[in-house]
Amino acid sequence: MTREECENGPADMLIDGNKARAPREKQGNSVPDKFNSNYLKFYYGKLFPFSDIFKWMSYGNDGKHPGCDQTYFGRREFSFTLDNDIYLRFQSFTSAAELESSIQEKCPFKIDIGPVYSVDPAKRHAYAQSGDNVFTPVERELIFDIDMSDYDDVRYCCSGADVCLECWPLMTVAIKVIDTALRDDFGFNHILWVYSGRRGVHCWVCDRKARRLSNEQRASIADYFRVYKGNENSDKKVSLTSPALHPFLARSYTEVLEGIFEEKLLLSQNILATEERYEKILDMIPDESVTAELRGKWQEKRQSSISNDINVVRWEQLKQLLQSGKHKGKGLRRYVEEIVFSFTYPRLDMEVSKHMNHLLKAPFCVHPKTGRVCVPIDPNSCEEFDPTAVPTLSMLLEELNQGGVRGDVGDDLDRTSLGKSIRYFRSSFLQPLLKSCKEEMESSYNAKLQQMKNSLSW
Amino acid sequence: MQPLRSHHQNDAIPALPLYRSAPPLEVRLEDFELYAIDRLRVLKAMSDGLSRGKNPEEMEKLVKGLLWANMRHPQASEDVNKDIISHFVLRLVYCRTEDLRKWFLSMETALFRYRFLLLTSNDHRRAVMAEFNLPYKAVSNAEYEGVKDKLGQVARSIGQPPPTEVPELVANRKVYIHKGYAYVAMNQVVSLVVTQFRSHLSKALILTNRKWTSTIREQEKDRLTPIVEALSTSYLGPDYSQPRESAEISIKDLDQIAKSSFPLCMRHLFEKLREDHHLKHGGRMQLGLFLKGVGLKLDDALAFWRAEFSQKDYTPFSCQKIISSTPGVGDNHGCPFRHFRFNFILN
């Protein structure tokens with residue numbers, strides 16, 4: 001499979017995830033029902049919310065206020081992945097109309113959003129790599145990418161690209177833990193969670209403070225969230241050694257992790273049901289007297305309680321043993337938490353968050369493999385989100401056809417399942433964000449005026 | 001920029017300047033050199049201490065002693081000026097190559113760190129933070145009560161700068177953060193302050209180097225430049241070159257003294273010589289001059305070396321020189337702590 005870059009991007013260019021693309025079949029012969037370029041063209045013609053994306057990406061600079069930076073939107077990088085894996089980087093536009101016509105013309109299978117640069121990306125070759133007159137990212141949302149395939153060692157229902165309702169709670173956990181921390185610990189407010197279209201979620205933190213973070217600061221925030229360290233080959237990947245858990249971890253545990261582990265995953269994943277599976281858990285407990293006793297109990301064939309699920313019974317026994325103080329080992333209680341953390345705590349792709357120049361898929365794109373739209377997820381009701389019920393391209397077009405084609409895009413949206421998502425996007429995210437941008441712009445403009453006045457006074 | 005002044009006359013530690021800008025002070029030419037030498041002694045002794053593996057507590061004590069011994073001026077009020085002047089002179093000396101800059105940055109940062117730790121009052125520490133524009137505010141008692149439990153889980157806290165100023169502490173979850181503010185323990189403040197210091201000095205050294213190469217070196221070629229160029233290569237340890245009458249050892253004592261009193265590098269050379277009846281040139285120089293330095297009489301030495309010892313009058317190698325020499329295959333000289341594998345030294 002060849003991959004032609006029409007623009008020569010820098011070698012270290014990154015787009016979401018560093019995973020290799022799976023080979024795709026040649027277009028034209030076996031076209032999947034859920035996704036093809038004709039459907040996509042129609043989608044871009046009728047449904048894709050261009051003006052909402054433009055308003056968002058302008059962060060208030062598209063207004064008439066004298067404090068507006070008219071160059072702002074034009075310095076944002078977009079990238080398009082076309083049919084046949086042709087990849088166009090450093091696309092930029094000066095208006096919503098330009099953005100719309102370019103997308104409708106090129107019909108990209110994927111649209112990525114990059115940073116805002118110091119100058120229009122189209123003019124980058126005129127600028128140096130270092131020194132004063134430089135082409136460099138100046139603003140970029142703080143972003144997170146959580147991918148279900150990173151949890152393959154702790155989910156038994158699916159693996160790889162597959163996702164189902166049994167393992168989806170892991171994404172729910174990730175959203176709750178990270179969202180709460182972003183708001184309560186870091187004080188961020190304008191946060192957008194988006195379904196990635198297949199097996200994960202993306203997070204966009206859009207506060208001004210967040211957009212101006214340096215790479216180093218992004219890295220330290222990503223590290224703040226990191227607990228899981230390891231790969232398939234290490235036995236224990238979560239190590240919570242200190243006597244007390246950091247308040248962030250403790251809160252995550254009591255408010256989210258413990259609950260979802262005991263009420264959902266323990267059962268749906270049959271975490272302790274077979275010898276192979278419980279041995280994996282026992283490997284996480286370095287105390288031999290404990291593991292020997294548990295193994296003894298579990299190797300018995302008959303179940304003492306038929307009504308209770310075997311996973312629940314065994315988990316209770318394990319907790320009892322580690323928390324009762326019967327065995328003399330130090331810090332045995334901590335192993336219960338480590339097991340829960342291993343199975344539930346969010347696993348972020350660190351590289352995505354650390355670099356300002358990392359590209360991330362735009363919301364409301366359609367995923368080529370599934371045909372599903374990348375819709376926003378409300379963190380306050382994320383436990384109700386069903387990835388298998390997300391609108392697909394063909395479904396949306398069906399809905400449009402049923403009603404007959406009218407002119408107004410607003411009407412079109414409302415007649416489809418996408419309408420709900422767009423309304424949520426506008427009311428819960430875009431409007432509060434733009435309001436805040438306007439306020440910031442006004443206050444900083446007024447401050448500047450005041451400063452000028454002060455410096456001119458005798 | 002005013003350096004901090006100590007309120008207590010009896011404080012052994014001088015106030016803590018931040019060296020933001022060269023002060024408009026007049027210096028006598030001889031003080032220009034002497035102050036720098038005194039400071040260099042402090043830095044080199046620190047470097048020594050660190051390479052010998054002293055722990056932070058020991059280093060703090062060492063620094064305190066070094067400052068007392070070297071950086072005081074007959075007029076106590078002049079201490080601060082000596083501090084500042086010596087720093088800026090050494091900047092000129094050590095800005096000139098990458099290696100020099102690296103060493104100087106490392107030592108000055110370490111010195112700053114220990115001096116900050118030695119500050120006895122929180123007021124002084126807070127004043128330093130303010131100088132670095134670390135936006136923080138003290139936590140009121142009421143607020144403290146509200147978050148006390150959380151802090152108990154992490155650490156005691158007094159300062160409250162926003163987390164984006166404390167990347168390392170946030171990354172390792174060593175601070176409690178809330179609504180964009182990190183509650184930083186005063187002892188964690190050190191890492192904040194030291195990072196800022198290092199970053200400022202690093203940039204300043206680059207700028208100094210530019211100025212040096214473009215104007216200063218030429219302008220000062222008859223006055224300061226020779227001093228500056230001589231300073232980076234000066235030897236500051238004890239003077240072993242004067243022959244001393246008192247200490248003497250005789251050839252029959254050698255084996256016993258080697259085991260009990262020789263430094264490890266010399267003992268190794270001695271034992272190798274006894275074992276192989278041979279040493280390569282570097283080893284012969286190192287051991288031979290050492291034996292001379294500890295008082296082995298010439299007759300005994302000659303007898304010892306069996307006519308391999310040269311009459312030329314070299315100065316015995318300093319630790320610095322030995323540490324920096326690179327033994328090749330078959331050589332036995334050099335500093336064992338630098339070149340030998342860890343197990344060897346433990347045995």
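1. What share of the 347 residues of chain B count as buried? The share is 44%, where buried means under 20% relative accessible area, exposed means over 50%, and partly exposed lies in between (1.4 Å probe, protein chains only). In chain A, buried residues make up 51% of the 458 residues.

2. A remark on the basis of these values is in order. The model is predicted, so that local features need pLDDT of at least 70 and side-chain atom pairs count only at pLDDT 80 or more, while totals for chains, interfaces and linings use all residues. Residues are numbered from 1 along each chain as its sequence is written, chains are lettered from A and ligands numbered from 1 in the order in which they are written, and side-chain values use heavy atoms, with hydrogens and water left out.

3. Chain A contains 15 helices and nine strands, and chain B contains 16 helices and two strands. Helices (H or I, at least four residues) and strands (E, at least two) are DSSP runs, numbered from the N terminus.

4. Contacts along the sequence may be considered next; a contact means heavy atoms within 4.5 Å. In chain A, 70% of the contacts with a separation of 6 or more are between residues 24 or more positions apart. In chain B, among contacts between residues at least 6 apart in sequence, 66% join residues at least 24 apart.

5. The two chains also meet each other. The contact takes 22 residues from chain A and 16 residues from chain B. Together the chains bury about 1500 Å², with 60% of it on carbon and sulfur atoms; buried area is the accessible area (1.4 Å probe) that two parts lose on being put together, summed over both.

6. One salt bridge is counted between chain B and chain A. A salt bridge is a side-chain nitrogen of Lys or Arg within 4 Å of a carboxyl oxygen of Asp or Glu. The side chains of Lys179(B) and Asp184(A) form a salt bridge, at 3.7 Å from N to O. On the side of chain B that touches chain A, helix 6 (141-154), helix 7 (167-171) and strand 1 (176-178) of chain B each supply at least two residues. By class, that side has nine nonpolar, four polar and three charged residues; Ala, Val, Leu, Ile, Met, Phe, Trp, Tyr, Cys and Pro count as nonpolar, Asp, Glu, Lys and Arg as charged, and the others, Gly among them, as polar.

7. Most residues other than glycine have a negative phi. Tyr59(A), however, has a positive phi near 50°; this residue lies in the loop between helix 2 (50-58) and strand 1 (76-81) of chain A and is buried, at 3% relative accessibility. Tyr19(B) has a positive phi near 55°, is placed in the segment before helix 1 (29-51) of chain B, and is buried with a relative accessible area of 8%.

8. Finally, the cysteines. A search of the whole structure finds zero disulfides over all chains, a disulfide being a pair of cysteine sulfur atoms within 2.5 Å. For Cys206(A), the nearest cysteine sulfur is that of Cys203(A), 8.3 Å away. Cys206(A) counts as buried at 0% relative accessibility, and Cys382(A) counts as buried at 1%.
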